[in-house]
Amino acid sequence: MLNKVVVKLPTVADTHEFGRRLAEVLRAGDLVLLTGPLGAGKTALTQGIGAGLGVQGEITSPTFVIARVHRPDPA
């Protein structure tokens, strides 16, 4: 069964922080689907998740990407 959650985040900073918090509950194998028009905040959310997971390097827009691998900081 697919669970759908709707969260309203008024600012980019709120979106980024939500992504950091979401990263705390994500586990290996989890799938996060992001949908929305350009400017909806998908990149800010993805950057927040990456920050929360300790991803190295720049996280760019997830739009139109079939698969992308981000490596965690080895420390």
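Student: Why is R21 called exposed?

Tutor: R21 has a relative accessibility of 54%, and exposed stands for over 50% relative accessible area, buried for under 20% and partly exposed for what lies in between, with a 1.4 Å probe and protein chains only, so R21 counts as exposed. This is a predicted model, in which local features need pLDDT of at least 70 and side-chain atom pairs pLDDT 80 or more, while totals for chains, interfaces and linings use all residues. Residues are numbered from 1 along each chain as its sequence is written, and side-chain values use heavy atoms, with hydrogens and water left out.

Student: What makes E17 partly exposed?

Tutor: The relative accessible area of E17 is 36%, which lies between the limits of 20% and 50%, and therefore E17 counts as partly exposed.

Student: How do you know that E17 and R21 meet in a salt bridge?

Tutor: Between the side chains of E17 and R21 the distance from N to O is 3.3 Å, and a salt bridge asks for a side-chain nitrogen of Lys or Arg within 4 Å of a carboxyl oxygen of Asp or Glu, so the pair qualifies. A search of the whole structure finds one salt bridge.

Student: Where in the protein do E17 and R21 lie?

Tutor: Both are in helix α1, residues 12-25, where they stand four residues apart, about one turn of the helix. The protein has two helices and zero strands, these being DSSP runs numbered from the N terminus (H or I with at least four residues for helices, E with at least two for strands).

Student: Which residues make the contact between the two helices?

Tutor: On the α1 side they include V12, T15, H16, F18 and L22, and on the α2 side A44, L45, I49 and L53 are among them, where contact means heavy atoms within 4.5 Å.

Student: Why is T15 called buried?

Tutor: T15, found in helix α1, has a relative accessible area of 9%, which is under the 20% limit, and so T15 counts as buried. Apart from its neighbours within four places in sequence, T15 is in contact with L9, G41, A44 and L45. Of the 75 residues of the protein, 16% count as buried.

Student: What C-alpha distances go with the sequence separations of E17 and I49, T60 and A44, and P74 and Q56?

Tutor: E17 and I49 are 32 residues apart along the chain, with their C-alpha atoms separated by 8.5 Å. T60 and A44, 16 residues apart in sequence, are 9.2 Å apart from C-alpha to C-alpha, and P74 and Q56, 18 residues apart, are 9.0 Å apart. Among contacts between residues at least 6 apart in sequence, 37% join residues at least 24 apart.
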